[in-house]
Amino acid sequence: MSSLRPGRGHGDSRKSVFYTNEEWELLDPNPKELEESMAQEERKKPAPEGNKGVAGSGFPFDFGRIPYKGKRPLKDMIGSYRNRHVSGEPSADGAQGAAGVRPPAGVQLQVQRQQEELERLQKDLSSQKELVRLLQQTVRSSQYDKYFASSRLSEGVPKDVLELLHRKDDQILGLSSQLERLSLERESLQQEARTLKGKVGELSEQLGMLLETIQAKDEVIMKLSRRLSEGADGPAPAAGAPGSPAPASREQLELDRLKDNLQGYKTQNKFLNKEILELSALRRNAERRERDLMAKYSSLEAKLCQMESKYLILLQEVKTPVCSEEPGPARGVIAQLLEDALQADGPEQPGQALVKPRLVSEYDIYGFRTVPEDDEEEKLVAKVRALDLKTLHLTENQEVSTGVKWENYFASTMNREMACSPELKNLIRAGIPHEHRSKVWKWCVDLHARKFKDSTEPGYFQTLLQKALEKQNPASKQIELDLLRTLPNNRHYSGPTSEGVQKLRNVLLAFSWRNPDIGYCQGLNRLVAVALLYLEQEDAFWCLVTIVEVFMPRDYYTKTLLGSQVDQRVFRDLMSEKLPRVHAHLEQHGVDYTLITFNWFLVVFVDSVVSDVLFKIWDSFLYEGPKVIFRFALALFKYKEEEILKLQDPMSMFKYLRYFTRTILDARKLISISFGDLNPFPLRQIRNRRSYHLEKVRLELTELEAIREDFLRERDASPDKGELVSDEEEDT
């Protein structure tokens, strides 16, 4: 503040006048402005003796603001433009109509004064609110600086760490204030755009009415012109005949009057068209400014998320050496900062934390928990991962959205059914928007399961479900045991009363009756759980039928898991071909990565990647089939190829392979690797290798079965066979 000067009031009361420019910097007023301000205060009615100062305010200040010298707001420009053109001479009919309802001049003047006073008070009130907010923010920042810089809290913390934390906090506060200011500007622009749209609609209605009036006048003119021409072609009246010039003169006068009216309507129409064009230009400018501000807002929010993630990492790094020292005040401060940073969305309590970063939602849009509850270290990592994901989403929103392409596609297929095409394949590979995923998934399931649906009677799913409820089969017990272990980190399946648990039970029981050879296999529950997030029960049932009976090879989910073992051998061949360095590096250190990838293929990456990446994989999987699994499995290793090659210890390699997929957040980059860098990827090659390895695995299983039978015969022939007991017999 550069000036806080006492004002002149009655008695001992004093007021301070704040002079600010548009950026809210306090300036020194000049003498002329002070004299004008004092003159206005003297003309005001003095306040009662017992109620001095500003009523209803906690600050005895008058907040003045220098008028804005730049561009005028759109609302004022439109109002002034309309007043400038409407203030011309009205038509005779309008003047006569308005004369009968015009209020007295004194009442009009009083209403105008009251409106001007009301607008002035509203502007003063908004200025006071804005300055009070800035002052409160400055006071909070000063209190925090005073609290954190006190000698008791700074003991034991290095000076450079304190300075770094202080700089980060200042940057966070600055970005928060910028976001608030941009939000206010955005709301004002939206209000102005709505006002402009309303005024354009009114002008369009008036223009339509005027066009109708002009059309009616044109018809009258044409009729009069025809009558005039007919009169001119007829015999001329005798000279001096009484009454002959009178009709011609009346018609000529009427024609002149109509011509004058027509010219006036044309002029008015031209003016309205010009005004509509100018209003349209103003509206386009306002929309362009709004888009620019929204892009700037998204960019600032993305930067803020990056700052917050770095802030959390910094707190984690600072906590480690501090916690190893003796307990002190600084340790408590850092622990409190960590606790506040790891909180999920909830009601804000003022003064609860010294610095409170932007909170992350407890669940994502799919229902998965973003921050775990148990491990504090894992909570911090998950919080950083959630902020990085938000940064990626905000960055993607600044570019051309895939949602626009999907809207255009659905608009082009409005009058016809969806069909397989290269355009649709490219759209699905880029990812289906959340709001369209249910529709596209259902279409994909119907496309692949059509031959099964056509061969069944209507109500087939309900018939199977009714049979399962009336009579239990061997798979029912295992299904009940696995229901709550399906997706415990998703709120739709987290408890016995969750809405998705009963649906999951119904679909699995119905499938166990449809396919008794499989019945139930661990892994089917997760496939159904993901499908139920976007599909109804019957559609999820047919989705499971499509995966098990159409996409995957035979014996993929049987007790022997023959098809799953074959796919792992095919994947090893593809790794040696597509990623020879990674394959050789892992083979050199004796790391069997198929122990990790086996579950990827069995449940199609459920619980292996973050939710955003998972559903984009499922988009392509439901449209193209199982070849997508091989593509994305290779792409995950390709994504982290350099990090894997840096590891030299088998234990560290295996540990890294167990969790590295959850650190991959950029779905667009992963999709680019899957469908770009790994090409060519013919399905014929996968089928041939499956056939080759299937024969080998069957021979191995046959040899193992022969060895088992020989062992059982030897055990039965041995005199001390009671000492040899197999695992199966021991369980029974």
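Contact here means heavy atoms within 4.5 Å. Leaving aside neighbours within four places in sequence, Tyr 557 is in contact with Ile 518, Cys 521, Leu 524, Leu 527, Ile 547, Val 548, Met 552, Phe 601 and Leu 602.

This is a predicted model: local features need pLDDT of at least 70, side-chain atom pairs count only at pLDDT 80 or more, and totals for chains, interfaces and linings use all residues. Residues are numbered from 1 along each chain as its sequence is written, and side-chain values use heavy atoms, with hydrogens and water left out.

Tyr 557 also belongs to the largest nonpolar core, which has 113 residues. A nonpolar core is a set of buried Ala, Val, Leu, Ile, Met, Phe, Trp, Tyr and Cys residues joined through side-chain atoms within 4.5 Å. Buried means under 20% relative accessible area, exposed over 50%, partly exposed in between (1.4 Å probe, protein chains only).

Next come the aromatic rings. Rings of Phe, Tyr and Trp (its six-membered ring) pair if their centres lie within 6.5 Å; planes under 30 degrees apart count as stacked, over 60 as edge-to-face and the rest as tilted. The count comes to 29 aromatic pairs. Two of them are tabulated.

| Pair | Centres | Planes | Type |
|---|---|---|---|
| Tyr 366 and Phe 615 | 4.3 Å apart | 20° | stacked |
| Phe 601 and Phe 630 | 5.0 Å apart | 70° | edge-to-face |

Both Tyr 366 and Phe 615 are buried. Phe 601 is buried, with a relative accessible area of 1%. Phe 630 counts as buried at 1% relative accessibility. Ring pairs link Phe 601 and Phe 630 into a cluster that includes Phe 571, Tyr 593 and Trp 600.
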